[in-house]
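Dear colleague,

Please find below the structure that I am handing over to you.

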Amino acid sequence: MHAYKRIAIHTLLAIITPAIAWADQAERYQLEYKLRAGEMVVTRVVHQSHTQTAIAGADQDSSSQTSSLKTWQVQSVDPSGNMTFVYGIDNVQMQQSIGDETQAYDSQTDAQVPDVFKTVAQSVNVPLATITISPSGEVVARDKEFRCPLLGIGDVTIALPKEPLSIGAQWHVPRELHVRLDNGSYKTIKVRELYSLEKVSAGVATISLMTQPLTPVNDPAIEAQLVQQLSKGTIKFDIDSGRLISKRLDWSEHVLGFRGAESSMRYDATWTEELVPSSARTANLGKMSR
């Protein structure tokens with residue numbers, strides 16, 4: 001090979017190789033929580049569901065809607081980046097309909113609480129738990145347990161990998177669900193939450209999620225109990241500020257024979273959570289931190 005050709009090739013490689021390395025590095029994104037001590041993180045959570053059941057020729061429709069303002073009052077961030085916050089619910093509006101009967105409750109306006117909503121009403125404007133999470137969203141400590149909705153979405157945070165990710169990367173978190181059998185005992189169903197990094201645009205990561213059963217399920221009675229816990233949806237996560245922007249889950253399931261050959265159940269639902277900017281928050285926020 002002529003000397004000038006070797007020089008040209010070496011020069012070209014010297015230009016291309018760093019560019020390839022830079023491009024490869026630029027396509028990897030570190031997803032982690034970055035809460036700041038003293039701040040309040042507020043999200044609006046809305047859950048709507050509609051269930052239609054038919055058993056032995058008797059049909060029944062039921063629906064529910066819940067809207068709540070969820071708060072994280074960040075207390076501290078340690079040198080390792082672990083963040084401690086007080087978890088609470090600032091206000092809640094609930095409505096439930098079964099057939100022609102409808103009950104409703106608004107924590108901001110209603111003095112009387114229908115019996116069906118009393119447990120939830122007692123959790124409003126009180127500290128539900130003090131929780132410490134790692135930058136990857138792992139709960140490393142909490143002072144008390146509280147009931148989260150069983151929607152197949154894990155704990156109070158999103159499970160994030162500790163290593164940087166490229167577009168298309170997947171990770172999963174194992175979980176166990178429990179269903180009640182006809183004889184009164186319980187069966188454990190192993191599932192996993194599968195996450196995929198779909199894209200990154202303007203510093204916002206779009207993540208898809210799906211809860212997948214790992215334990216084979218062939219019993220319609222068990223399927224009917226699982227439909228609310230096997231979710232799929234989309235998460236928007238702000239990489240720079242290190243927090244969730246939005247999350248949406250959707251269900252549309254139909255189970256046949258869950259209570260005999262002529263029975264059926266149809267379940268349709270949505271669950272959304274959206275970050276509330278500080279400029280849009282109501283004046284009564286922050287009661288729990290007083």
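The notes below describe what was found, beginning with the chain as a whole.

The model is a predicted one, in which local features need pLDDT of at least 70 and side-chain atom pairs count only at pLDDT 80 or more, while totals for chains, interfaces and linings use all residues. Residues are numbered from 1 along each chain as its sequence is written, and side-chain values use heavy atoms, with hydrogens and water left out.

**Overall picture and confidence**

The protein chain holds three helices and 14 strands; helices (H or I, at least four residues) and strands (E, at least two) are DSSP runs, numbered from the N terminus. Of its 290 residues, 40% count as buried, where buried means under 20% relative accessible area, exposed over 50%, and partly exposed in between (1.4 Å probe, protein chains only). Among contacts (heavy atoms within 4.5 Å) between residues at least 6 apart in sequence, 58% join residues at least 24 apart.

The mean pLDDT, the predictor's confidence in each residue from 0 to 100, is 87 for the protein chain, and 83% of the residues reach 70 or more. Confidence is lowest in helix H1 (residues 3–26), with a mean of 48, and highest in strand E12 (residues 232–238), at 97. Over residues 18–24 the pLDDT is below 50, and this stretch has one contact in the model beyond near neighbours in sequence. Residues 286–290 also have a pLDDT below 50, but that stretch has eleven contacts beyond near neighbours in sequence. Where pLDDT is low, the predicted coordinates should not be read in detail.

**The nonpolar cores**

A nonpolar core is a set of buried Ala, Val, Leu, Ile, Met, Phe, Trp, Tyr and Cys residues joined through side-chain atoms within 4.5 Å. The largest one has 48 residues, of which Leu31, Phe85 and Tyr195 touch the most other members. Strand E4 (residues 83–98) gives the most to this core, with six residues. Leaving aside residues up to four places away in sequence, the residues that Phe85 touches include Leu35, Trp72, Val74, Ile131 and Val156. There is also a second, separate core of six residues, among them Val179, Ile189, Val191 and Leu226.

**Individual residues**

Glutamate 193 is found in strand E10 and counts as buried, at 3% relative accessibility. Its side chain makes a polar contact with the side chain of tyrosine 195 (2.8 Å). A polar contact is a pair of N or O atoms within 3.5 Å; within protein, one must be able to donate a hydrogen and the other to accept it, and residues adjacent in sequence count only if both atoms are side-chain atoms.

Glycine 242 lies in the loop between E12 and strand E13 (243–256) and is buried, at 0% relative accessibility. It touches Glu32, Tyr33, Lys34, Leu35 and Phe237, not counting residues up to four places away in sequence.

Most residues other than glycine have a negative phi. Alanine 56, however, has a positive phi of about 50°. This alanine 56 sits in the loop between strand E2 (40–55) and strand E3 (58–77) and is exposed, with a relative accessible area of 72%. Alanine 202 has a positive phi of about 55°; alanine 202 is in the loop between strand E10 (186–201) and strand E11 (204–213), and counts as exposed at 80% relative accessibility.

With kind regards
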